[in-house]
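Biologist: I have not looked at this structure before. Could we go through the terms used for it, and the grounds for each?

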Amino acid sequence: MPSGNHETWFDDAAGPLVRPYAATNGRTEPSRELDLVSRIVATGYVPENLDLQHTEVLQLCHPDQSAEVAEIAGRVRLPIMVTKVLLCDLIECGAAALADASLHDDASNLAVLQEVLKGLHAL
Amino acid sequence: MRSNTVRQVKILIAGGFGVGKTTAVGALSEIRPVHTEEVLTAASIPTDPLTGVEDKSSTTVALDFGRITMADLDFVVYLFGTPGQERFWFMWDELATGVLGAVVLVDTRRLADSFPAVDFFEDRRIGFVVAVNEFPDTARYDAEEVRHALQLGPDVPIIHCDARERESMKWVLITLLTHLIDRAKRRRAQALP
C-alpha cells in the first residue's frame, strides 16, 4: 500500500482485507507440534507490546479453563495454521502453556470404549 | 481447576456437502459449535480439472468442531464435521489422526456423495456407522437398501437419524461405540490361537 494512504481496507462481507499470514509475518509452520485438540491455557503473564492478534488469541486461553486449538481458531476466525503459529509464539514467550491432556486413539482398547459408551448413556 | 489429566477422544462426522454435518455437530456439542477454516495453497491441492480447482492458487476447507465433556469420567469427546468432497482427502488425513471412530452421514437423495467417506474409512480400517439423515421430503429407504446401494459389509450398522435432534444424534454415537466394542472383541477373538 502506498505511504500516506491510511484508509483501512475493509469489506463488510469479508472482514478486514489483510492476508491471514500477515499476522504471522509470513510464517506458515508452527514452531512446535500442536494438534487440533491440544489444550492451551493462559499462564497469567502478559508480555508488553503484544499485538492485537496475539492479544485476541491469548484472551481465549483462560487461566482456569483450557481451550482447544480448533476452538480458538474458530473464535478468532483465523485459519488453523495461523492460529497454531500465534499460539506457539505465546507459548514461547511464556504467556500460554500446553495443558495436561492425553488423546485416547486406540480403537482396540475395550476399557476406553466402554467408558465412553457409559458416558454417552449418562448424557 | 481440575488437576486430573483430561482424557480426549476424537470422532469424525463425515458426509457429502449439505448432508447436515454442521447441524449434527451443533445438536451434540455443549459449546456453540465452532466453524473454522484452513487455507490451503496450490501445492497441497490435488488438481481437479472438472471443477476448475487447478485455476485457483488457494482454497479454503471448512470444518466444524464441537465438544462433549463427560465430567464424571474426565473424558472429553471431540466432534469434527469434515468436508466431504473427494478433493479434500488430504485434510481428512490430518483429522483422522488419532480418531476413535466415525459417522458417515447420508442423504438418500445423494447417496453417491457418501462414497468417498465410506472408502476413506474402509481403507484406513477406521470403524464407522452410517446414519441416514431423514430430511422431511425424502423417500424412506430401509437399511438393507442403503447397504446395497453403498456396498457396505454386513457388519456396518445403518441407522436413521434426525441431525437436528440431540437425542437422535446421541443414539448415533451410542450405536458407533457399541459397534467399536463389538469390533474390538471380534478382533481380540480372532487374534487368539
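Predicted model: local features only at pLDDT ≥ 70, side-chain atom pairs only at ≥ 80, totals over all residues.

Biologist: What joins β1(B) to a strand of chain A?

Modeller: Three bridges join it to strand β6 of chain A, residues 101–103, and the two run parallel. The cut-off is at least two bridges, therefore this counts as a pair too. A101(A) has V6(B) as its bridge partner, and S102(A) stands opposite R7(B).

Biologist: How many residues are in contact between chain B and chain A?

Modeller: On chain B there are 42 residues in contact with 40 residues of chain A. Contact requires heavy atoms within 4.5 Å. Between them the chains bury about 3900 Å², with 64% of it on carbon and sulfur atoms.

Biologist: What makes E71(A) and R67(B) a salt bridge?

Modeller: The closest N and O atoms of E71(A) and R67(B) are 2.9 Å apart. The rule asks for a side-chain nitrogen of Lys or Arg within 4 Å of a carboxyl oxygen of Asp or Glu, so the pair qualifies. Across the interface of chain B and chain A the rule finds four salt bridges. There are also 13 residue pairs in polar contact between the chains, both residues being at pLDDT 80 or more.

Biologist: Which element supplies the largest share of the side of chain B that touches chain A?

Modeller: That is α5(B), with 11 residues. By kind, the residues of that side divide into 25 nonpolar, six polar and 11 charged.

Biologist: Why is R147(B) called buried?

Modeller: The relative accessibility of R147(B) is 13%, and the limit is under 20%, so R147(B) counts as buried. R147(B) lies in helix α4 of chain B, residues 143–150.

Biologist: What makes the link between R147(B) and E144(B) a polar contact?

Modeller: Their side chains come to 3.0 Å, and the cut-off for such N or O pairs is 3.5 Å. A polar atom of the R147(B) side chain also lies 2.9 Å from the backbone oxygen of V156(B). Leaving aside neighbours within four places in sequence, R147(B) is in contact with residues including L152(B), P154(B) and I158(B).

Biologist: Which residues of helix α3 of chain B are buried?

Modeller: In that helix, residues 115–123, they are P116(B), A117(B), V118(B), F120(B) and F121(B). The helix is followed by R125(B), whose phi is positive, near 55°.

Note on methods
Residues numbered from 1 in each chain as written. Chains lettered and ligands numbered in written order. Heavy atoms only, no water. Buried area = accessible area lost by both parts, 1.4 Å probe. Polar contact = N/O pair within 3.5 Å; in protein donor to acceptor, adjacent residues only side chain to side chain. Helix = DSSP H or I, 4+ residues; strand = E, 2+ residues; numbered from the N terminus. Nonpolar A, V, L, I, M, F, W, Y, C, P; charged D, E, K, R; others polar. Buried < 20%, exposed > 50% of the residue type's maximum accessible area, 1.4 Å probe, protein only.
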